[in-house]
Amino acid sequence: MIAIVDYRAGNLTSVLLALEHLGVPSEITSDPAKILAAERVVFPGDGAAGESMRNLRELGLIETLRAVVERGTPFFGICIGMQILFDFSEENDGVACLGFVPGRVTRFQPAERAVKIPQMGWNAVRFRQSHPLFAGIEDESEFYFIHSYYPVPADPAHCYGETEYAGVCFASAVGKGNLFATQFHPERSGRIGLRMLRNFTEWDGRC
Amino acid sequence: MLTKRIIPCLDVRNRKVTKGVRFQGNVDLGDPIEMAVAYSEGGCDELVFYDITASAERRPIDIGMVREVAKVVHIPFAVGGGIETLDDMYRVLLAGAEKVSVNSLAVKNPGIIAEGARAFGSQCIVLGMDPVSVADRSRFPSGYEVTIRGFRERTGMDALEWAKRAEDLGVGEIVVNSVDADGTRAGFELTLTSLISTNVHIPVVASGGAGVPQHLVDVFTKGHADAAIVASMTHTGEYTIAAIKAELDAAGIPIRKKW
């Protein structure tokens, strides 16, 4: 069973339907016991860092997530569920985050007025290192992004894929042991995104 | 590099995709679910569904159809038409849509944009607008007036002022559908598209008038659009998404190449 963590962070339906399409049993849940018992955990979400952290605290999920990551359960963070894995986000005047991956999250500051914020749409991901979740996916494939902030890992070794936007090249896929996370939405990235999710459902958490 | 999006627009009436010219004389073209799957597999970057008779007939949106689409299409799609309340937005998003598009509702009740953006995030809230060109520059400095209810009603609002206000209220994207160009297949309204796109900081989707691939080249270069809607030219099978993308690629416009 895959637990899709519900912390009131946006629409989780597309993640559920993508896993359903792959024929993998999954459940949207806020229940710490179910999350701890799950074989794998997807940590999705749209929204702001401040509210996301507040919700996790209120739901008593911070320690649950920490335990899941520490015990080696394959873990997939998506979008805001990637950003709050870092130490700190500049969003909402600065928010202390989960600190599972060293680094911070900062806002796009385009020099040109013509660059739209948020980044909305399909952009290429250049692989920096191989990873089991990239199996069967061509380098420089495009994925669907929607975000105004981006992560800056402190250790380049945690960057598995990068993407260019608004004059920066940022880490769009990060990994650390059994933890993998993407700024883009694999569940909304068509056949190639589904392949990444399928790779996750078959991943033992090692790389 | 962020790619330019091509978005087929499926106008749905009684669970059939239809297409008219300037909102008139609609003919049935096919099944919305089958067409959505074919488009998604054919390389479109996003889809939009308008339940076009909903607002005229004052009935709620077809949630069952939204759910069916979400089950088989794993790219973003937006749904518009018949959305009256925050609860309607919630039901559409919960059914699996990435975005909801509001048009007439936002004109009558601009607060719904701010409420929707607060509740679900700006990225979920799309403003659709149907501007028509007007001669009276003293009343309409941009030269375009916003119409609603499928061009049946004028609003007295200037199109550019409305776009800026909607951005301030928190919409994540604006679809600019030219009433003058809609269904004509004579090209996008480039002046209007460029005017809106270069004066807001959020993505702008050009709509109305796509007839040949060159029209998309024009709207991404001269029109400064972030995305473009196609309907007649691909619904009829005359052009495929891949054929349009090949021409855009040849013109040096970044597009998604692998799907």
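In the predicted model, chain A contains an open sheet of 9 strands with mixed pairing, in the order S2-S1-S3-S4-S13-S12-S11-S8-S9. Strand S2 (26–29) and strand S9 (141–147) of chain A form the edges of this sheet, each pairing on one side only. From one strand to the next, the twist averages 25 degrees. Within the sheet, strand S4 (residues 75–78) and strand S13 (residues 179–182) of chain A run in the parallel sense and are joined over 4 bridges. In this pair, A:Phe76 of chain A stands opposite A:Phe180 in S13(A).

A further open sheet in chain A has 4 strands, ordered S6-S5-S7-S10, and its pairing is also mixed. Its edges are strand S6 (95–96) and strand S10 (149–153) of chain A; each has a single partner strand, so one side of each lacks a neighbour in the sheet. Strand S5 (residues 86–89) and strand S7 (residues 101–107) of chain A pair in the parallel sense over 3 bridges. Here A:Phe88 stands opposite A:Arg104 in S7(A).

Helix H1 (residues 13–21) of chain A is mostly covered, with 7 of its 9 residues buried. The buried residues of H1(A) are A:Thr13, A:Ser14, A:Val15, A:Leu16, A:Leu17, A:Ala18 and A:Leu19. Their cover draws on both chains: from chain A it includes strand S1 (2–5), S2, strand S3 (40–43) and helix H6 (190–201), and from chain B it includes H3 and H4. After H1(A) comes A:Gly23, which has a positive phi near 75 degrees.

The contact between the two chains takes 31 residues from chain A and 28 residues from chain B. On the side of chain B that touches chain A, helix H3 (63–72) and helix H4 (86–94) of chain B each supply at least two residues. This side of chain B comprises 12 nonpolar, 8 polar and 8 charged residues. H3 and H4 of chain B are also among the elements that cover the buried residues of H1(A).

Within chain B, H4(B) packs against helix H6 (residues 111–120) of chain B at an angle of about 40 degrees, and their axes are 10 Å apart. H4(B) and H6(B) are therefore oblique to each other. The crossing of these two helices is right-handed. On the H4(B) side, the contact involves B:Leu86, B:Met89 and B:Leu93, which meet B:Ile112, B:Glu115, B:Gly116, B:Ala119 and B:Phe120 in H6(B). By class, the residues of this contact are 6 nonpolar, 1 polar and 1 charged.

Another helix pair in chain B consists of helix H9 (residues 213–221) and helix H11 (residues 241–250), which pack at an angle of about 50 degrees with their axes 9 Å apart. H9(B) and H11(B) are therefore also oblique to each other, and their crossing is right-handed. In this contact, B:Pro213, B:Leu216 and B:Val217 of H9(B) meet B:Ala243, B:Ile244, B:Glu247 and B:Leu248 of H11(B). The contact of H9(B) with H11(B) has 6 nonpolar residues and 1 charged residue, with no polar residues.

Terms used. Residues numbered from 1 in each chain as written. Chains lettered and ligands numbered in written order. Predicted model: local features only at pLDDT ≥ 70, side-chain atom pairs only at ≥ 80, totals over all residues. Pairing = 2+ DSSP bridges. Axes fitted to C-alpha atoms, helices over the stretch in contact; angles between N-to-C directions. Contact = placed C-beta atoms within 7 Å. Nonpolar A, V, L, I, M, F, W, Y, C, P; charged D, E, K, R; others polar. Parallel < 35°, antiparallel > 145°, perpendicular 65-115°, else oblique. Left-handed = near helix turned anticlockwise from the far one by under 90°. Buried ≥ 20, exposed ≤ 12 C-beta atoms within 10 Å, placed from the backbone.
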